[in-house]
Amino acid sequence: MTKLSIVVPTYNLGSYLDKTLQTLKQQTVDFELWLVDDHSTDKTAQVAQKFTAGIPNFHTVVFDHHQGVSVARNYGIAHSTADAIAFVDGDDLVTPDYAQTLITGFTAGVPAVAVGYEWWRPSDRESDRYETLNQRQMFDQVSRRGTAVGGYIWNKAYDRQAIEKIGLRFDEHLTIAEDYLFTATFVAKTPGQYRFDPAVKYKKVNRATSTIHTRSFKDRSVENQIFNQIDEMGRYF
């Protein structure tokens, strides 16, 4: 059976992190956990350390200075020891079978597995059965906003060997759309049959201080540049 690492970057999450951790605690299968704190100035790091204390394969790492979410995620990739890597934002919620669904979706020739998500409005997809997408279909899903699969990283697990094969990491210079760039690059460079369970397993929590709510005009301009770069990728396969 595929072994899964879940990487959770944390930074000044207040009471949100505890709720996220409780949903991870309820998972129906074992997994490796990396909580990577980006030098929080509130109690976030302490909450993370208390949660992982004494649990094999659960780790908390606290940066000695603030470096950004991409650095935190890249640390998780570099230190993961599992077959596949998933990412959860530290203020979001997952169902008890989130990890199990991702793990079960990995069969021979599958480089990534995605699950349904809820954000802003309830999902109208209730089927709890895997769908198969070829590389082109998957790219069309992850390269556009608002699709069923989406370009987000938090409702997916990626084969770790496939990540290493193409030398993929999050762009540490970006503060927005880094997840779209990561996912689109992975799919563009990784042939295979992708799997997607449209049933909602991930709930995105709308936090007022999150990046999506505080982005500037400059951020939006950078985001548009990233999507132009992603569009170019789609022309070569």
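Colleague: Which elements make the β-α-β unit with strand 1, and what is its hand?

Modeller: This is a predicted model, so read everything here as a property of the prediction. For the hand, look down the strands as they point away from you; a clockwise path from the first strand over the helix to the second is right-handed. Here strand 1 (residues 4–10), helix 1 (residues 16–25) and strand 2 (residues 32–37) form such a unit, and it is right-handed.

Colleague: How many bridges does strand 2 make with strand 1 and with strand 3?

Modeller: Strand 1 and strand 2 are parallel and share 6 bridges. Strand 3 (residues 58–62) also runs parallel to strand 2, with 5 bridges between them. If you want residue pairs to click on, Val8 has Leu35 of strand 2 as its bridge partner, and Val36 sits opposite Val61 of strand 3.

Colleague: Now the helices. What describes how two of them pack?

Modeller: You give the angle between the two axes and the distance between those axes. For helix 1 and helix 2, the angle is about 20 degrees and the axes are 10 Å apart. That makes helix 1 roughly parallel to helix 2. Their crossing is right-handed. On the helix 1 side the contact uses Leu17, Leu21 and Lys25; on the helix 2 side it uses Thr44, Val47, Ala48 and Phe51.

Colleague: What does Thr44 touch beyond its sequence neighbours?

Modeller: Leaving out residues up to four places away in sequence, Thr44 touches Thr10, Tyr11, Asn12, Leu13, Gly14, Leu17 and Asp37. Thr44 belongs to helix 2 and is buried, with a relative accessible area of 0%.

Colleague: Which way do helix 5 and helix 7 run relative to each other, parallel or antiparallel?

Modeller: Start from the angle again: helix 5 (residues 135–142) and helix 7 (residues 178–189) pack at about 170 degrees, with axes 9 Å apart. They are therefore roughly antiparallel to each other. Helix 5 brings Gln135, Met138, Phe139 and Val142, which meet Tyr180, Thr183, Ala184, Val187, Ala188 and Lys189 of helix 7.

Colleague: What do the buried residues of helix 3 pack against?

Modeller: Those residues pack against strand 1, strand 2, strand 4 (84–87), helix 6 (160–165) and helix 7. The buried set in helix 3 (residues 69–79) is Ser70, Val71, Ala72, Arg73, Asn74, Gly76 and Ile77.

Colleague: And which strands does strand 4 pair with?

Modeller: Check the sense of each pairing as you go. Strand 4 is parallel to strand 1, over 4 bridges, but antiparallel to strand 8 (residues 156–159), over 3 bridges. Ser5 is bridged to Ile85 of strand 4, while Ala86 faces Ala157 of strand 8. Ala84 and Ala86 point one way, Ile85 and Phe87 the other, and all are buried.

Colleague: How many residues of strand 6 are buried, and how does the strand pair?

Modeller: In strand 6 (residues 112–118), 6 of the 7 residues are buried, so this strand is largely enclosed by the rest of the structure. Strand 6 runs antiparallel to strand 8 with 3 bridges, and parallel to strand 9 (residues 194–203) with 6 bridges. Ala114 has Lys156 of strand 8 as its partner, and Val113 is opposite Arg195 of strand 9.

Colleague: Last one, on backbone angles. Where does His39 sit, and what is its phi?

Modeller: Most residues other than glycine have a negative phi. His39 has a positive one, near 60 degrees, and lies in the loop between strand 2 and helix 2. His39 is partly exposed, at 33% relative accessible area. Asn57 also has a positive phi, about 75 degrees, without being a glycine. Look for Asn57 in the loop between helix 2 and strand 3; at 46% relative accessibility, Asn57 counts as partly exposed.

Notes: Residues numbered from 1 in each chain as written. Predicted model: local features only at pLDDT ≥ 70, side-chain atom pairs only at ≥ 80, totals over all residues. Heavy atoms only, no water. Buried < 20%, exposed > 50% of the residue type's maximum accessible area, 1.4 Å probe, protein only. Helix = DSSP H or I, 4+ residues; strand = E, 2+ residues; numbered from the N terminus. Pairing = 2+ DSSP bridges. Axes fitted to C-alpha atoms, helices over the stretch in contact; angles between N-to-C directions. Parallel < 35°, antiparallel > 145°, perpendicular 65-115°, else oblique. Left-handed = near helix turned anticlockwise from the far one by under 90°. Contact = heavy atoms within 4.5 Å.
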